[in-house]
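Please consult the sequence and the view below while reading.

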Amino acid sequence: MLVQGIHHVAYRCRDVQETIRFYKDALDMDLMLAISEDHVPSTKEPNPYMHIFLDAGRGNVLAFFELPDSPAQGRDENTPAWVQHLAFQVEDVATLERCKAKLLAMGVDVLGPTNHEIFQSIYLHDPNGHRIELAANTVKPGQLERLRELAPAMIEEWGRTHRAVKHAAWLHEKEFAQTSE
C-alpha cells in the first residue's frame, strides 16, 4: 500500500490557546509544535496564521489553524451536524465512562454512550464547534470479518436504491431497542 498512515488532520480553531487548553484538559493531548507565517507556504498567499500540532497518541497528530485575518469559520449547512466529526479511540468502556464523567465535571455536554455493537461511543463538541467522538472497541471475534463480507453487497444495493441497507442492522439492534422501551 502506498499510504503508510495519516500524517495529521487539520481543522480551524478560533483561539489556539483555548484549543490547546481544552484538548490538554479534556483529552490529555500535549502540544507538539507550532508553526506561524505571514504567507501560506504552498500558495504564497498573504494570510497570517498560527498552526498547532497536538499529540493524539500512537503517532497520530491533530492540528489546528488560527486565522485572525479570515472571516469567522462556519460549517457546511447542507450536511447534518452529526456527520463531520473526529473520532478518537480510548482503551476500553471503563475509560470511556471515566472520560464522560470528567467531561461532565468540566461542564462539557456529552451525548451517549451509544452502543454500535463493535464499539461504544460518546459525543461532544470542542470549543470551536467541532464534533468529537470517543470510542471504545467492544468487537467480538468474527464480527469484523462478517462486516467485511457484507460490505460489497451493501454498497451495490445502496448504489441501486439509495435507501438504508439492512444487512448489518444487528449493529444497532440493542441501541434502538433502548429507545423503544
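## Basis of the description

Helices (H or I, at least four residues) and strands (E, at least two) are DSSP runs, numbered from the N terminus. The model described here is predicted.

## The open sheet and its helix

An open sheet is formed by 4 strands in the order β1-β4-β3-β2, with mixed pairing. Its edge strands, β1 (9-13) and β2 (31-39), each pair on one side only. On average, neighbouring strands of this sheet are turned by 20° against each other, direction ignored.

Within the sheet, β3 (residues 46-55) and β4 (residues 61-66) are antiparallel and pair over 6 bridges. His-51 stands opposite Phe-65 in β4. Helix α1 (residues 16-27) lies across β1, β2, β3 and β4, and runs at about 10° to β3.

The side chains of strand β5 (residues 85-90) alternate between two faces.

Strand β5 runs parallel to β8 (residues 131-137), to which 6 bridges join it. Leu-86 has Ile-132 of β8 as its bridge partner.

## A buried loop residue

Glu-117 is located in the loop between β6 (111-115) and β7 (119-125). Glu-117 counts as buried because its relative accessibility is 9%, and buried means under 20%.

The side chains of Glu-117 and Lys-140 make a polar contact (3.4 Å). Beyond its neighbours within four places in sequence, Glu-117 is in contact with residues including Thr-138, Val-139, Gln-143 and Trp-170.

Conventions. Residues numbered from 1 in each chain as written. Predicted model: local features only at pLDDT ≥ 70, side-chain atom pairs only at ≥ 80, totals over all residues. Heavy atoms only, no water. Buried < 20%, exposed > 50% of the residue type's maximum accessible area, 1.4 Å probe, protein only. Pairing = 2+ DSSP bridges. Polar contact = N/O pair within 3.5 Å; in protein donor to acceptor, adjacent residues only side chain to side chain. Contact = heavy atoms within 4.5 Å. Axes fitted to C-alpha atoms, helices over the stretch in contact; angles between N-to-C directions.
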